[in-house]
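Colleague: Hi! Could you walk me through this model? I'd like to hear about the helices first.

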Amino acid sequence: MKKYQFDFQEILELRKFQQEKAESELSEAMAEVNKWNQKLEAIAVKQKETDDFLHTSLDFSEYTQCRNYYIFLDRKKEESLQELAKANLIADEKRKILKAAMQKVDVLEKLKEDEFLEWKKQ
């Protein structure tokens with residue numbers, strides 16, 4: 001009896017490669033999301049520190065400088081939120097691509113398993 005050979009093995013290997021690539025791209029997209037989340041957390045900490053200083057400062061020039069810095073941080077926060085939204089959209093798209101790639105691999109693996117069982121019976 002000849003050795004079992006799956007007719008679509010090359011296609012299965014290609015699809016597994018595509019799945020690994022999709023996993024890698026999703027990982028990069030999630031790293032980008034995490035980066036923007038960390039930037040937002042850092043901005044929130046700086047805003048809290050600035051706000052605390054504003055309430056304790058008696059010098060008008062320090063108050064003005066802190067207020068300007070707080071406004072600057074607020075703009076940075078808005079920009080970061082926009083970038084985070086973009087990063088989340090990209091991550092969602094990469095997640096959909098990965099899901100589709102995984103389904104394609106699963107279909108071929110199931111077919112391979114069914115064919116192997118049929119071959120074994122014969």
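Modeller: Happy to. Helix α2 has 62 residues and reaches 89 Å from its first C-alpha to its last, close to the 92 Å expected at 1.5 Å a residue. That expected span is 1.5 Å times one less than the number of residues in the helix. Helices here are DSSP runs (H or I, at least four residues; strands are E, at least two), numbered from the N terminus.

Colleague: Before we go on, what sort of model is this, and how are the residues numbered?

Modeller: It is a predicted model, where local features need pLDDT of at least 70 and side-chain atom pairs count only at pLDDT 80 or more, while totals for chains, interfaces and linings use all residues. Residues are numbered from 1 along each chain as its sequence is written, and side-chain values use heavy atoms, leaving out hydrogens and water.

Colleague: Which residues make up the largest nonpolar core?

Modeller: There are seven: Ala-29, Val-33, Trp-36, Leu-40, Leu-84, Ala-87 and Ala-91. The elements giving two or more residues to this core are α1 (9-56) and α2 (60-121), and α1 provides the largest share, four residues. A nonpolar core is a set of buried Ala, Val, Leu, Ile, Met, Phe, Trp, Tyr and Cys residues joined through side-chain atoms within 4.5 Å.

Colleague: Where is there another core?

Modeller: Apart from that one lies a core of five residues, including Tyr-4, Phe-6, Val-105 and Leu-108.

Colleague: Back to Ala-29: what is it in contact with?

Modeller: Leaving aside neighbours within four places in sequence, Ala-29 is in contact with Ile-90, Ala-91 and Lys-94.

Colleague: What about Thr-50, buried or exposed?

Modeller: Thr-50 counts as buried because its relative accessibility is 7%. This residue is found in helix α1 and touches Cys-66, Tyr-69, Tyr-70 and Leu-73, not counting residues up to four places away in sequence.

Colleague: Changing topic, how many salt bridges are there?

Modeller: The count comes to nine, where a salt bridge is a side-chain nitrogen of Lys or Arg within 4 Å of a carboxyl oxygen of Asp or Glu. One of them joins the side chains of Lys-16 and Glu-109 (3.4 Å, N to O). That pair links distant parts of the chain, with Lys-16 in helix α1 and Glu-109 in helix α2, 93 residues apart.

Colleague: How accessible are Lys-16 and Glu-109?

Modeller: Lys-16 is partly exposed at 34% relative accessibility, and Glu-109 is partly exposed with a relative accessible area of 33%.

Colleague: Which residue does Asp-52 form a salt bridge with?

Modeller: Its partner is Lys-48, with the closest N and O atoms 2.9 Å apart. Both lie in helix α1, four residues apart, about one turn of the helix.

Conventions:
Buried means under 20% relative accessible area, exposed over 50%, partly exposed in between (1.4 Å probe, protein chains only). Contact means heavy atoms within 4.5 Å.
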